[in-house]
Amino acid sequence: MAIHVGLCTLGFLIPEANSLKAKRSVLKSMLEGMRDRFHVSAAEVEHNDLWQRATVGIAYVSNSAGHTDEVLNKVVDWVEANPRVNVTEVQIEHL
């Protein structure tokens with residue numbers, strides 16, 4: 001049995017966030033969108049106390065390395081198209 005786990009770390013800025021509440025509103029919407037559209041696991045993993053910075057970890061499991069890459073790249077494209085955030089870092093790795 002082949003199991004392919006893909007991990008993606010996204011760092012980004014949220015320029016409109018002027019409080020933690022505003023940041024979490026943007027993040028909540030984005031994380032729910034990722035889960036609903038792409039069936040990934042996603043959570044904020046760093047910079048929890050900063051208003052305008054966030055790092056999100058995304059995981060996807062599949063029986064195909066190609067499919068794992070495809071899904072994670074689609075997630076990255078979807079986040080980069082969001083006008084509410086500026087992506088500063090993208091890292092994709094496989095376990």
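Trainee: Which residues form a nonpolar patch on the surface, and what is their accessible area together?
Mentor: This model is predicted, and every value given here is computed from it. The patch is formed by Met1, Ile3 and Val61, with about 410 Å² of accessible area together.

Trainee: In what order do the four strands form the open sheet?
Mentor: Strand 1 is joined to strand 3 (residues 53-62) by 10 bridges, and the two run antiparallel. Strand 2 (residues 41-46) is joined to strand 3 by five bridges, and this pair also runs antiparallel. The four strands form an open sheet with antiparallel pairing, in the order 2-3-1-4.

Trainee: Which strands are the edge strands of this sheet?
Mentor: In the order 2-3-1-4, the strands to look for are those that pair on one side only. The edge strands are therefore strand 2 and strand 4 (86-94).

Trainee: Which residue in strand 3 stands opposite threonine 9, and which stands opposite alanine 43?
Mentor: Strand 3 has bridges to strand 1 and also to strand 2, and one can look for a partner from either of them. Alanine 43 stands opposite glycine 57 in strand 3. For threonine 9, the residue opposite in strand 3 is glycine 57.

Trainee: Which residue in the turn of the hairpin has a positive phi?
Mentor: Strand 2 and strand 3 form this hairpin, with six residues between them. Among the bridge partners of the two strands are serine 41 and, in strand 3, alanine 59. The residue in the turn with a positive phi, of about 65 degrees, is histidine 47.

Trainee: Is threonine 55 buried or exposed?
Mentor: Threonine 55 has its place in strand 3, and, not counting residues up to four places away in sequence, it touches Thr9, Leu10, Gly11, Ala43, Glu44, Val45, Glu46 and His47. Its relative accessible area is 5%, and since the cut-off for this class is under 20%, threonine 55 is buried.

Trainee: How many salt bridges does a search of the whole structure find?
Mentor: In one of them, the side chains of arginine 84 and glutamate 16 meet, at 2.7 Å from N to O. Another is formed by glutamate 44 with lysine 23, the closest N and O atoms being 2.8 Å apart, while the side chains of lysine 74 and glutamate 70 meet at 3.3 Å, N to O. For the whole structure, the search finds a total of three.

Trainee: How many residues apart in sequence are the parts that arginine 84 and glutamate 16 tie together?
Mentor: The side chains of these two residues, arginine 84 and glutamate 16, meet in a salt bridge. Arginine 84 lies in the loop between helix 2 and strand 4, whereas glutamate 16 lies in the loop between strand 1 and helix 1, so the parts tied together by the pair are apart in sequence by 68 residues.

Trainee: Are glutamate 44 and lysine 23 buried or exposed?
Mentor: Glutamate 44 forms a salt bridge with lysine 23. Glutamate 44 lies in strand 2 and lysine 23 in helix 1, so the pair ties together parts that are 21 residues apart in sequence. As for their accessibility, glutamate 44 and lysine 23 are both buried.

Trainee: What separates the C-alpha atoms of proline 83 and isoleucine 14 in space?
Mentor: Proline 83 has its place in the loop between helix 2 and strand 4, and at 78% relative accessibility it counts as exposed. Proline 83 and isoleucine 14 are 69 residues apart in sequence, whereas in space, C-alpha to C-alpha, they are apart by 9.5 Å.

Notes. Residues numbered from 1 in each chain as written. Predicted model: local features only at pLDDT ≥ 70, side-chain atom pairs only at ≥ 80, totals over all residues. Heavy atoms only, no water. Patch = residues over 30% accessible without salt bridge, like charges linked within 9 Å, V, L, I, M, F, W, Y side chains within 5 Å. Areas by Shrake-Rupley, 256 points an atom, 1.4 Å probe, with all protein chains shown as cover. Salt bridge = Lys/Arg side-chain N within 4 Å of Asp/Glu carboxyl O. Buried < 20%, exposed > 50% of the residue type's maximum accessible area, 1.4 Å probe, protein only. Contact = heavy atoms within 4.5 Å.
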